[in-house]
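Please go through this two-chain model element by element. Keep the sequence and the 3D view side by side.

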Amino acid sequence: MAECIVWVHADNLNPNNAALRAASGSPAVFVWDDELLKAWKISLKRIVFIYECLLELPVTIRRGDVALEVAAFAQEHSARRILTMASPSPRHKLICQRIMQQMPKGSRLEVLRDPAFADTNKSIDLKRFSRYWSSVKCDVLRGKK
Amino acid sequence: MADMRRDFATRAELIAYLKAEFPDAAEVCDVVPPSPIGGRKAAEERLRVVNLKKYEATRNFLDGEVTRLSPYIRYGVLSLAEVRDYALANTKSRDEVEKFISELGWRDYFQRVYAEIGDGIWEDIEEYKTGFSAHEYAAKLPEDIRAGQTGVTFIDDQIQTLYTTGYLHNHARMWLAAYVVHWRRVRWQAGAAWFLEHLLDGDPASNNLSWQWVASTFSSKPYYYNLDNVLKYTGDRYRGDPTAMGHQAFVGSYETIARRLFPRIQIETNTADQPRRGR
């Protein structure tokens, strides 16, 4: 029985990411999203690159319906807690919701973040890059806090 | 569902396995370049050899000192914050790396826009500022473009590069995108989806929003260029008779090209010969 599992997705394949560090030694899974692959038609070279990234991670690799596979993996390990990394993709949010619909009551899904490039707390005008850059530039160029 | 394999003696064995597992992907294009190799180890090696001093001076040239970090950044193998911190730690002067860091900023910016508008990145954020409405652009990518047989030598060369390497220099991406949208009057969405099939760093936010920037649906005016611009940044490759190379449509001043591409409107011409980003 594992306390938690990690759901690794393609927007964060860093072996040192916050989720893999927080759950070091816990089972982790990556699922190729068959529906997305069908929609995007990505070529073989992209698949190979991602797969090579995965081979350096301590993950089980599967394919199919991501939400169903992640929930099934958690249940195989009797885990009620799932850690994953943030993504701006609306599909990520949708999959998170669908995973929770599959999980037993009382389960938790935690979305973690790596250190941000720029301050994420202040409100930034995104109409044009120049406006964004003028509001974050000083903070960004200061570097590591 | 059974687990997928993790044990491969060689890269060729991995490629053969993935070709069998993902036949649709192999059908799109089954060429796999010898590099870059995916993974954190390769990413760190790449980061160590980046020459930021040369980057600043030569990055707009097709054979310039670009970093080739984008596939690693796209999949979060390297975070923007750590690449920025690496750049700051390895320079004597912040000014020397400011341009590089601002380019990282473009990705952060696009990711923030994506987080805000979601699948709206596939819609025109603003109207085209070309004198044409969206419905006047073709919805589908023409076959000669997909086949890399447009007859425009520098365009066909870039299409081959895209297919065989999964990488295009930023300048080449802009030339190709502007060719598709403005010279061929095709909706940017068709071109963006095509790029996502092949670019190793293909990210819907950076990709689509850059196409929109070129198209003018996410910028104040369309991006276009002329043959002088291509010649300047490609060395001697395309010097010679423009007609023999299918380059006639790119010959002329920025004013001439603008009148040809956007006859219904007056475009404030910009004679700068660099990618007009960051305004």
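The report below covers the sheet, the domains, the chain contact and some backbone details.

## Basis of the model

This is a predicted model: local features need pLDDT of at least 70, side-chain atom pairs count only at pLDDT 80 or more, and totals for chains, interfaces and linings use all residues. Residues are numbered from 1 along each chain as its sequence is written, and chains are lettered from A and ligands numbered from 1 in the order in which they are written.

Helices (H or I, at least four residues) and strands (E, at least two) are DSSP runs, numbered from the N terminus. Two strands pair if DSSP finds at least two bridges between them.

## The sheet of chain A

Chain A holds an open sheet of five strands. Its order is 3-2-1-4-5, and the pairing is parallel. Strand 3 and strand 5 of chain A stand at the edges. Each has a single partner strand, so one side of each is left without a neighbour in the sheet. Neighbouring strands are turned by 30° against each other on average, direction ignored. Axes here are lines fitted to C-alpha atoms, for helices over the stretch in contact, and angles run from 0 to 180 degrees between N-to-C directions.

Helix 4 (residues 66-76) of chain A packs on this sheet. Helix 4 touches strand 1, strand 2, strand 3 and strand 4 of chain A. Its direction makes about 160° with that of strand 2 of chain A. Contact between two residues requires C-beta atoms, placed from the backbone, within 7 Å.

## Strand pairs

Strand 2 (residues 28-33) of chain A is mostly covered, with five of its six residues buried. A residue is buried if 20 or more other C-beta atoms lie within 10 Å of its own, exposed if 12 or fewer, and partly exposed in between; C-beta atoms are placed from the backbone. Strand 2 of chain A pairs in the parallel sense with strand 1 (residues 4-8) of chain A over three bridges. There, Val8(A) has Phe30(A) as its bridge partner. Strand 2 of chain A also pairs with strand 3 of chain A, in the parallel sense, over five bridges. Asp33(A) stands opposite Gly64(A) in strand 3.

Strand 4 (residues 81-85) and strand 5 (residues 108-112) of chain A form a parallel pair over five bridges. Thr84(A) has Val111(A) in strand 5 as its bridge partner. With helix 5 (residues 90-102) of chain A, these two strands make a right-handed β-α-β unit. Right-handed means that, with the strands pointing away from the viewer, the path from the first strand over the helix to the second runs clockwise.

## Domains

Domain bounds come from an automatic or database domain assignment. Chain A is divided into domain 1 (4-114) and domain 2 (117-145). Their centres, taken over C-alpha atoms, are separated by 29 Å.

Chain B is assigned domain 1 (11-119) and domain 2 (122-261). Their centres, taken over C-alpha atoms, are separated by 22 Å. In chain B, 19 residues of domain 1 are in contact with 19 residues of domain 2. Helix 5 (70-74) and helix 7 (94-117) of chain B each supply at least two residues of the domain 1 side. Helix 7 of chain B gives the largest share of that side, five residues. By class, the domain 1 side has 12 nonpolar, three polar and four charged residues. Ala, Val, Leu, Ile, Met, Phe, Trp, Tyr, Cys and Pro count as nonpolar, Asp, Glu, Lys and Arg as charged, and the others, Gly among them, as polar.

## The contact between the chains

The contact takes 46 residues from chain A and 59 residues from chain B. On the chain A side, helix 3 (44-55), strand 3 (60-64) and helix 6 (129-142) each supply at least two residues. Helix 3 of chain A gives the most, with 11 residues. By class, the chain A side has 27 nonpolar, eight polar and 11 charged residues.

## Backbone details

Ser78(A) is not a glycine, yet its phi is positive, near 50°. Ser78(A) lies in the loop between helix 4 and strand 4 of chain A. Ser78(A) is exposed, with 10 other C-beta atoms within 10 Å. Ser216(B), also not a glycine, has a positive phi of about 90°. Ser216(B) sits in the loop between helix 12 (204-215) and helix 13 (227-233) of chain B. Ser216(B) counts as buried, with 24 C-beta neighbours inside 10 Å.

A cis peptide bond joins Ser35(B) and Pro36(B), with omega about 5°. Pro36(B) is in the loop between helix 2 (23-28) and helix 3 (40-48) of chain B.
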